[in-house]
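Hi everyone, thanks for coming.

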Amino acid sequence: MGVPHAMDALRGKAALVRESLQKSQTITESMVSILGSFDHRLSSLETAMRPTQIRTHSIRRAHENIDKTLKSAEAILARFDLTRKAEAKILRGPHEDLQSYLEAIDQLRSNIQYFSNHKCFKSSSGIITHANNLLTKAISKLEDEFRNLLTNYSKVVEPDRLFDGLPDSLRPSASPARRTDNKKDTDNQKNLENAVYTPPTLIPPRVLPLLRNLAKQMVQAGHQQQLFRIYRDTRASVLEQSLRRLGVERLSKDDVQKMQWEVLEAKIGNWIHYMRIAVKLLFAGEKKLCDQILEGIDSFRDQCFAEITANSVSVLLSFGEAIAKSKRSPEKLFVLLDMYEIMRELQSEIDSLFGSKSCTEMRESAQSLTKRLAQTAQETFGDFEEAVAKDATKTAVLDGTVHPLTSYVINYVKFLFDYKTTLEQLFQEFEGGDPESQLKNLTKRIMEALQTNLDGKSKQYKDPALTQLFLMNNMHYIVRSVRRSEAKDLLGDDWVQIHRRIVQQHANQYKRISWAKVLQCVTIQGAAPPGGGGIMGADPGSGISKAMVKDRFKNFNAQFEDLHMRQCQWNVPDSELRESLRLAVAEVLLPAYRSFHKRFGPMVDSGKSPCKNIKYKPEDLERMLGEFFEGNTSAEQKR
């Protein structure tokens with residue numbers, strides 16, 4: 001095959017390719033034309049279908065709106081149904097089922113809120129008005145129910161129930177305890193500080209939730225004042241009746257001034273008991289009840305508690321004020337200290353119970369009374385010290401025994417030491433400085449005032465020997481009492497020793513004044529002739545006359561009998577001191593008499609009537625000395 005032939009063949013193939021391409025182009029153009037025709041038709045179809053699509057969408061939205069409307073209608077109808085049911089319950093009142101009644105009120109409030117938020121409904125305004133009127137009636141019935149429940153379950157607390165809440169050591173056996181003795185039991189006082197008090201149940205626990213819910217509903221309805229008035233009036237009345245049943249009464253300063261001391265002392269003892277019961281039991285119980293029923297209404301609750309207790313607190317504190325302001329007298333000191341003690345004991349609890357702003361006046365009144373009692377007690381100290389120094393009682397102590405003033409003052413001081421802790425507390429709080437030193441100085445001043453007064457009273461005696469016996473008795477009583485009391489620890493051993501020496505000095509003075517002349521009868525120093533050495537050193541043949549000896553015996557007999565007659569009527573009440581004084585006299589008198597009797601007795605013991613001159617043997621004198629200072633008031637003593 002040649003080249004030309006190959007070229008022809010190639011041209012033939014190229015022509016076929018060209019022809020194929022031309023056919024493909026023709027087919028493509030035909031397809032484009034056909035596709036264009038389809039696009040035009042689809043556009044026309046879409047245009048034709050658009051109204052149908054719009055109608056379908058509208059129908060679907062209409063169905064959705066109908067569903068929403070039906071659901072809203074159902075909700076409204078449900079609200080109408082709930083309102084109808086709530087109305088039925090409210091019209092029946094709260095007596096049958098209080099809890100259901102309270103739920104109906106809550107439902108009514110919820111419905112009012114619902115229709116207030118959907119005021120687009122034509123009937124919303126009328127429905128809201130009707131519901132509000134119904135709610136007002138419901139709350140009114142609620143007030144009545146609250147009042148009835150509170151009144152029915154608020155019972156006066158009987159004294160026995162209150163006593164059951166006290167610690168065992170404070171429970172009276174039959175009647176409220178009264179102060180019968182000033183003596184303090186330190187251990188008991190410490191126990192009281194840790195004692196447990198159990199406030200009474202004022203309202204049954206099962207009723208408290210109902211009262212709390214009622215109170216809450218009234219507050220939500222804006223009826224706080226009505227709630228306040230009902231609760232305050234009901235509880236205040238019951239509290240005051242409970243205190244009156246216990247024995248609390250309002251007494252003025254004039255009432256106090258007119259009372260006999262024994263009656264007043266008993267009332268003070270009762271008042272101390274009442275204060276403890278009122279604060280720790282009744283007021284504490286009332287505070288707890290307020291917190292339970294008026295829970296969550298703090299400012300309103302505090303004000304309510306303040307007004308419930310105000311009158312009761314006033315009645316109790318006014319008695320204390322009346323005592324503190326009444327005329328001062330020494331015997332009131334210890335009851336003032338008792339009252340000060342109870343106020344101090346209760347102060348922290350009073351501050352806690354009445355700690356709110358609403359209770360400020362009561363809290364400050366209690367603090368003021370505590371200070372007033374302390375001030376009056378301090379002034380009474382001064383009055384007592386002055387009264388002791390200036391006591392001018394004419395009470396005659398004819399036998400030289402312990403004067404009533406001495407025993408009164410010493411007992412007073414001993415009682416003061418029973419209140420040592422209280423006194424030191426009082427001194428520290430209101431005077432500052434070292435309280436123990438202040439108590440020591442106070443005690444010394446009272447003792448000095450007593451001694452000064454006794455010195456003045458001793459001058460009333462015409463017999464100087466009885467003056468010394470009187471001072472000896474009284475000083476011995478003071479020293480002995482101090483040694484046996486807590487005052488010894490405060491005044492110290494030096495004070496005791498100094499005053500024991502004073503007792504001995506008075507005893508020595510008594511011996512010298514009473515017995516000096518009697519002893520001269522049996523010693524007769526300087527009576528012998530010059531060079532004889534005196535009668536005590538002479539013998540029967542020394543030239544001493546028989547007449548002189550008889551005269552000495554006669555004088556001795558007369559003087560001893562006079563002393564015996566008088567001093568048997570004198571009194572040394574302390575047996576130990578009495579025996580000591582007799583012994584001191586005997587140690588001086590009996591040896592001298594025995595010696596004189598032995599030496600000169602024989603000179604006058606002869607004759608027809610020897611007993612006329614020598615009436616007493618030494619043994620007789622010893623026996624008769626044992627009759628001295630017995631306080632025998634018979635006019636004449638038998639030998």
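Predicted model: local features only at pLDDT ≥ 70, side-chain atom pairs only at ≥ 80, totals over all residues.

Residues are numbered from 1 along each chain as its sequence is written, and side-chain values use heavy atoms, with hydrogens and water left out.

Now the terms. On a 1 Å grid over the protein atoms alone, a cavity is a set of points where a 1.4 Å probe fits but cannot get out; a pocket is an open set with protein on both sides within 12 Å along at least five of seven lines; lining residues have an atom within 4 Å of a point. A volume is the space filled by probe spheres set on the points, which are joined across faces, edges and corners.

So, how many cavities of 30 Å³ or more are there? The count comes to two. The largest cavity has a volume of about 60 Å³. Its lining is ten nonpolar residues, with no polar and no charged ones (nonpolar is Ala, Val, Leu, Ile, Met, Phe, Trp, Tyr, Cys and Pro; charged is Asp, Glu, Lys and Arg; the others, Gly among them, are polar). Among them are Met-275, Phe-283, Leu-316 and Phe-354. Helix 9 (261-293), helix 10 (298-325) and helix 12 (360-390) each supply at least two lining residues; helices here are DSSP runs of H or I, at least four residues, numbered from the N terminus.

Helix 13 gives the most, with three residues.

Next, the second largest pocket, with a volume of about 500 Å³. Of its 18 lining residues, His-476, Arg-500, Val-503, Glu-576 and Leu-577 lie nearest the centre. Helix 20 provides the largest share, seven residues. Overall, the lining has seven nonpolar, three polar and eight charged residues.

Finally, the single residues. Phe-629, in the segment after helix 21 (618-625), has a positive phi near 65°. Most residues other than glycine have a negative phi. Is Phe-629 buried or exposed? Buried, with a relative accessible area of 1%; buried means under 20%, exposed over 50%, and partly exposed in between, with a 1.4 Å probe and protein chains only. Asp-254, in helix 8 (residues 253-258), is exposed at 51%.
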